[in-house]
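I opened a notebook page for this structure. The entries below follow the order in which I looked things up.

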Amino acid sequence: LARELRFAVEKRHIGLAAAELVQTGQTVGLTAGTTTTHVGRSLRHRDKIQVITNAINIGMELCNQPGIRTYLTGGVVPWAWSFSLTGNAALTFLDNIYMDKVFLSVTGLDAERGATTLETDEALVYRKMIKQSKQVIVTADSSKLGKVNPAFICPTNEIHILITDTGATAEAVAPFERQGIKVIRT
């Protein structure tokens, strides 16, 4: 709950901006995370899209939406109060799915070290989602920029778009823009 409340307004704005990038007929991946939960909520009333997620809570948010077909990866919940499905079942499920876009929640995004999170099991699932997707979109509030966490997800050269909030200074986003990442500040 504490993570859900931190930067709640910014995350809601990021979620709305991210949802605008999803087009009818697309298959999109949403990793577990508080920011991607807002992406899922912003997709609720859309039609003819498929959502692939390893997040139990995002599955619950979307399960009553007739216009959205929601797939949960399966897997194991690695710790109490985690909504993230990880492990071999999740990885095997993703072997057979291709996505147009994946929206990635991260706990750190550094221009040199790339996208990171706290748990290696989660990072493995996120990495597989990236591999199975045409476009990688990181959704990260400004507090995550310049941070490095223990579990490596991907290098910045695999990221196409970064959606962050207006609290991200021009100086904070410049290293990502120099690497060819499109930055949306909302």
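I began at one pair: Thr-164 stands opposite Arg-185 in strand 10. The model is predicted, so I noted that local features need pLDDT of at least 70, side-chain atom pairs pLDDT 80 or more, while totals for chains, interfaces and linings use all residues. Residues are numbered from 1 along each chain as its sequence is written, and side-chain values use heavy atoms, without hydrogens and water.

Next I looked up the strands around that pair. Strand 9 (residues 161-164) and strand 10 run parallel and are joined by four bridges. Strands are DSSP runs (E, at least two residues), as helices are (H or I, at least four), numbered from the N terminus; two strands pair if DSSP finds at least two bridges between them.

I then checked helix 7 (residues 170-178), which packs on the sheet, touches strand 9 and strand 10, and makes about 155° with the direction of strand 10. Contact means heavy atoms within 4.5 Å. Angles run from 0 to 180 degrees between N-to-C directions, with axes fitted to C-alpha atoms, for helices over the stretch in contact.

I traced the whole sheet: seven strands, open, parallel, in the order 3-2-1-4-7-9-10. Strand 3 (68-72) and strand 10 (182-185) are at the edges with a single partner strand each, so one side of each has no neighbour in the sheet. The twist averages 20° from one strand to the next.

Cys-154 is buried at 0%.

Methods: Buried < 20%, exposed > 50% of the residue type's maximum accessible area, 1.4 Å probe, protein only.
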